[in-house]
Structure formats: structure tokens, C-alpha cells
Amino acid sequence: MATPLSDSSLSPLRTVAVVGLGTMGTGITDVLARAGRTVVGIDISEAQAARALAALETSTARAVARGRLTEAERADVLARVRVSTDLGDAAGADLVIEVTPESYEVKQRVFRELDGVVRPDTILATGTNALSVTRLAADSARPERVLGLHFFNPAPAMRLVEVVSSVLTAPAAVAAVTDLALDLGKEPVAVGDRPGFVADGLLFGYLNQAAAMYEARYASREDIDAAMRLGCGLPMGPLALLDLIGVDTARTVLEAMYAASHDRLHAPAPILRQLSEAGLTGRKAGRGFYTYDGPGGATVVPDPLTPREGTNAVPGRPVRAVGVAGSGTMASGIAEVFAKAGYEVVLAARGAAKAEAAKARIAKSLARSVDKGRLTAEAAARTLDLITPTGTYDDFADVDLAVEAVVEDLEVKRQLFGTLDKVCKPGAVLATTTSSLPVVACARATSRPHDVIGMHFFNPAPAMKLVEVVRTVLTADDVHATVREVCGKIRKHAVDCGDRAGFIVNALLFPYLNNAVKMVQEHYATLDDIDAAMKLGGGYPMGPFELLDVVGLDVSLAIEKVLHQEFRDPGLAPAPLLEHLVAAGCLGRKSGRGFREHARR
């Protein structure tokens, strides 16, 4: 019979057993010992237990060298840890954290053995991120004391800990483990029991879509990863991250997510199975999506798929003068970028006053750069002198490259491209900065579709390094080469992709944002917990709801609709909550309210 759980029956969790001393178990042991806990590390492999102890000795020695621990403190930390191969040594633990392989059979065997070893008041925590905590709890003699405690790798560095309750978990157990997480210097987030929880539930869907994008040969692995690092500010690209996590591990998590959700976005991309079964599981194997300098290595080495520099078969066209169409933030930012690189820029808008206002915005931007020491006053003046504002597109007659940056409306863009077709000289390259509309539709509005290409800058254009270069089926090779060469001259990182909705960045970013909205809609987690989980557990510069409010809920909804219409996948349908907020006029920061309240600008 299970012991009733009450606040008074809970120990202060001073002694903790960690079962499974792989990378994660070793990291958790380190965190617990440095926080003053007595730790028993248990692994079936005596060699692995010894490696874990050696890793702790190395990490604490490094901490001493960096001034983070004294020699006396290091000695105390090491004295608090012992390792064993006998699960019976968990008998005196107040808390047991299981971090064994992601297998129900393995974990259930561990929990059954623990039932016969530990005290009736001991809390049992599983470190799973893919399996059902409820299923594990139901197989235990004390289901009310079983919960999930999901640390992130590397455990000493990552602040997020997801505390996972099943329907059987007693609130006092959750409270005790949450207090422990806080005492460890972590940020605990309370979540319910479903595969992936919050952070991995959002992260792995995104990783899966990136793998599918690569498998479809839509873009190279290097371009997919560069696009997400430079376009979203992520610390790693998705394919490099899959290699770090382990392709086989990602496949296991996605299989569990798909079994629960039946969402096709969670169905593991076939390439994950192919790589896993070939033993190409990522860094730990020395090869996954990339090739590394050896098993466990972190340095990428060239392989047959590595792009070769200077392999353009066709030279680009000469570009001396650039026309930028538009007067908004994006248009003025793009004009500033080209002028800084020494190009003569014609900045055209619907009326001379709008064009002059756009140039004035550029002048303010340049002045800020001077104030911050990023630009000399002389360089700012030279840049501004290269920009000629005008109220007529007729002044594009002599430009070599025309860049359209007007409102995201296909009919408006088509009309503009019809005008550019008439006024621009033969051989001029015509580029659109659209983020969601078909480039080929703009091309077809001209008599020279082979001269039309997508050149998707990111906002703010002067600061963001990425440009997505979007070829249509009609784009000429030398047009593509021209834009690639120009991107190099304006110091932007160009990535190649085809003409389909979302290109690389938006096609991967917005389904992730949409899934975050669905989590809130389903009352699975709060806005604050989801934002914290993705910043602390995924290294994202902003949480999904912070980002949605910045981008604009109406803009986000429009992109979601375009993606859904293009791919016809039910999982891409915009979350009803997002549609309702937009219908209510809650558009984010610009309206004063989105997912959160904001001061009106």
C-alpha cells in the first residue's frame, strides 16, 4: 500500500541518487554536488561510473582554475559524491533521478527495482523527454511520488528544468522538487505530461521540418543552418543541432510525439531513420548531417557535400547603380546598406515627399551609427550623398539592379514589376524582397521573367546579415550569379532557396510559433513558461510570444495562411487563438496589445 503523501512527510531532498551516468547524468551529478547535496551516482557499467567521477574531477579543477571554486570548495564537492554499480545504494536517497536510455522497458525495470529499495517517502523522478511519465508512474508502487524532472544539456550550464506532473503526481512532490530546482540555481517550469513537454515539444517539430527540407533538396545543409542562425539569431542551425542531440535520439522523441499527436509535422522525416540505421547518428558517431573530426568530435571537416568556393560557372552582370522601390523601414534600410557599400542608389517612392522622408530616416540611422562609433562622420556623409530620392520610377532608367520593397500585396507588386519592366534598361536585374509571396508571379508580370529573382532581406536590413536568394524556374543563371556577387559586396550572407512559400526561415519559424500558440490555446502551459522554456532551454534570443508581438500577429497570421495554402498540411493551419486575437485588433506591440499588454508607441 502506498504511503499517503503530505507536506510534512517530505524530506528536504538532501541526498540524491542519480541513476545513469551518461553525459546528462554526469552533468546533473555535478550540479547537485556543487549545490551542497550528497550524491550517489549509479550506473550498470563500472567503467562509465569511473568516467563520470573523472569528468567531475576535471570540471571542478577547471572551475578552480577560473576562480569559480576554491581548492577547499572543490574538495568538499568531490567528497559529497560517490559512484556505484549497485541500485541498492539508492536506499538512503530522498530523491532518485533516473537518466537511463529512452526505453520504457529499461526505465520500468529501474522503477520496479527502486520500489523495493528506497524508503516509502522517497520521490522518484524520470529525466525522460520523450516517454510518458504517467505510464512510468502507473507501473510504480508509489505513483503519487513519481514525476518528471527534465534537465537540459549541458546540465551545469542550462538554467531550464521542466517539472512534469502526471495525473497521479501529488502536489507536495512537485513543490519539493520545484524548491530543489530553485536551490540549484535553475528556472523550473511546471508542465503536464505529454511527449516533448514544452521546449522539446516545440524544438523537435522545428528540427524535423528542417530535416525534411534538406531531404527534399530544397536547400543545402549549410544554407539551412546559416539561415536560421543569421535570420533568427539562434545559437546553432537545426541540422548541426540534430547532430549534437543525436539523430537517433531525435527520431525517438519524434516517434513519441507523433504517437501522441498524430500531427504529420511530428512524423519523423525519413532521412532521420536512414541516418540512424546507417549508424550516422551525429557527433557521437563522427558523422550525421555533417562529418566531424572523429567520434565525439565537434569540428566539422569537409566531405563530398561541402560547397566549394568560387564554383560559379556563370559570371554575374556588372552592377554600378541600384534602384530601391519603397519608402518604409525595409526600403530605407536596404537603400542604406547599398549606399554604405559604395553603390549609387535611387530611392523611389509614391511621391517626392515620401522619398525625402525615407532619406531622412536613413540620415538618422547613420547619425546613430556615428554616435556609437561604428561609422565616421565623413563616411556617413559620403553614404548619404550616394542616395538620390525621387517620386518617380522613371529615374530607374539607368539602374543595373532594381529592388522592390513595397507593401506585401501581390497585386501591388505585380503592378510595380510591370512598371519596372517598362522603365528599366535591358539587362537590369529586377528583385523582390517578398517574404511570403511567389516570386514567379512578379516575374510573370514582366516581359523578361528570366531577369527576376527574390532577394529577401531581414529587418532591420542594416543589422541583419542574411539575404535569402530565391530563384524561380525561369531565373537566368547570370541573374542568380549577379545577386550572389552583390550580396558579397554589401557584406551579407546569401543562402540559396527555391520559390516556395516561406523560403527557408519563415517556413521553419512560423510553424514553430503557431505550435506555441496551440500550447497556450490548449491550456498546456502559460505564455511566460513557454517563453522562458525556449529562451533558457533552446537558447532562443526571444520567446515565441515575445517574437509574435514584435512581428505583429496580423503579419504572422498572413504568413501562416500562405504556408497552409501552399503545403496543404493540416498541422500548418493557423491556430484559432491567433485568428481570434487578430480579429479583435490585438496585433502586438504596434496596437498596444497582442499576447501581452504593451505601452502604445
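**Close-up views of a predicted model**

View A. Buried here means under 20% relative accessible area, exposed means over 50%, and partly exposed is in between, with a 1.4 Å probe and protein chains only. This is a predicted model, in which local features need pLDDT of at least 70 and side-chain atom pairs count only at pLDDT 80 or more, while totals for chains, interfaces and linings use all residues. Residues are numbered from 1 along each chain as its sequence is written, and side-chain values use heavy atoms, with hydrogens and water left out. The loop that holds arginine 448 runs between helix H16 (439–443) and strand E14 (452–457); helices (H or I, at least four residues) and strands (E, at least two) are DSSP runs, numbered from the N terminus. A polar atom of the arginine 448 side chain lies 2.8 Å from the backbone oxygen of lysine 425. Leaving aside neighbours within four places in sequence, arginine 448 has contacts (heavy atoms within 4.5 Å) that include Leu420, Asp421, Cys424 and Pro426.

**View B. Aspartate 94 is also buried, with a relative accessible area of 9%.** Look for aspartate 94 in the loop between strand E3 (81–84) and E4. A polar atom of its side chain lies 2.9 Å from the backbone nitrogen of arginine 14.

View C. Among the buried residues are Tyr104, Val110, Phe111 and Leu114. Their cover includes strands E1 (15–19), E4 (95–98) and E5 (123–126), helix H5 (133–138) and E6. At the N-terminal end, serine 103 caps H4, with a side-chain oxygen 3.3 Å from the backbone nitrogen of glutamate 105.

**View D. Strand E7 (residues 160–165) is largely enclosed by the rest of the structure, because five of its six residues are buried.** E7 pairs with strand E6 (residues 146–151) in the antiparallel sense over four bridges; two strands pair if DSSP finds at least two bridges between them. Here valine 161 in E7 stands opposite phenylalanine 151. With strand E8 (residues 187–192), E7 pairs in the parallel sense over six bridges, and valine 163 has alanine 190 in E8 as its bridge partner.

How values were computed: A polar contact is a pair of N or O atoms within 3.5 Å; within protein, one must be able to donate a hydrogen and the other to accept it, and residues adjacent in sequence count only if both atoms are side-chain atoms.
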